[in-house]
Amino acid sequence: METLKELLKFLIERRKIWLIPLIIILFLIGILIFVSSVTGVSPFIYPLF
């Protein structure tokens with residue numbers, strides 16, 4: 001959690017707010033890949049791509 005706070009603080013101080021949506025999308029894709037590899041929902045996720 002501390003890492004996320006530092007990342008947000010860095011982005012705000014450097015005026016890189018426009019990167020926040022990109023980071024959120026990458027995070028969500030990472031979660032989707034992790035969930036699809038661990039559980040049995042992978043046959044349902046593959047048609048999305």
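Start by selecting Ile31: its relative accessibility is 37%, so Ile31 counts as partly exposed. The cut-offs explain the label, because partly exposed is the band between buried, under 20%, and exposed, over 50%. Keep in mind that this is a predicted model.

**Stop 1: around Ile31**

Colour residues 20-38. That is helix 2, and Ile31 sits in it. Together with Ile31 they make a nonpolar surface patch of about 680 Å².

**Stop 2: the whole chain**

Zoom out and show the cartoon. The protein chain has 3 helices and 0 strands. Follow the chain along its sequence and the pattern reads α-α-α.

The accessible surface comes to about 4600 Å². Carbon and sulfur atoms account for 74% of that area. How many of the 49 residues count as buried, as a percentage? The figure is 8%.

**Stop 3: the largest pocket**

Select Leu4, Leu7, Leu8, Leu11, Ile20, Ile23, Ile24 and Phe27. These residues line the largest pocket. The space in this pocket is about 190 Å³.

Which helices each supply at least two residues of the lining? Helix 1 and helix 2 do. Colour the lining by residue class next. The lining divides into 8 nonpolar residues, with no polar and no charged ones.

**Stop 4: Leu8**

Is Leu8 buried, partly exposed or exposed? Its relative accessibility is 42%, so Leu8 counts as partly exposed.

Draw a distance from the C-alpha of Leu8 to the C-alpha of Leu19. The two atoms are 9.8 Å apart in space. In sequence, Leu8 and Leu19 are 11 residues apart.

**Stop 5: Leu7**

Leu7 lies in helix 1. At 31% relative accessibility, Leu7 counts as partly exposed.

Finish with one more C-alpha distance, from Leu7 to Ile20. The separation is 9.5 Å. Along the chain, Leu7 and Ile20 are 13 residues apart.

Notes. Residues numbered from 1 in each chain as written. Predicted model: local features only at pLDDT ≥ 70, side-chain atom pairs only at ≥ 80, totals over all residues. Heavy atoms only, no water. Helix = DSSP H or I, 4+ residues; strand = E, 2+ residues; numbered from the N terminus. Buried < 20%, exposed > 50% of the residue type's maximum accessible area, 1.4 Å probe, protein only. Areas by Shrake-Rupley, 256 points an atom, 1.4 Å probe, with all protein chains shown as cover. Patch = residues over 30% accessible without salt bridge, like charges linked within 9 Å, V, L, I, M, F, W, Y side chains within 5 Å. Salt bridge = Lys/Arg side-chain N within 4 Å of Asp/Glu carboxyl O. 1 Å grid on protein atoms, 1.4 Å probe; cavity = no way out; pocket = protein on both sides within 12 Å on 5 of 7 lines; lining within 4 Å. Points joined across faces, edges and corners; volume = space filled by probe spheres on them. Nonpolar A, V, L, I, M, F, W, Y, C, P; charged D, E, K, R; others polar.
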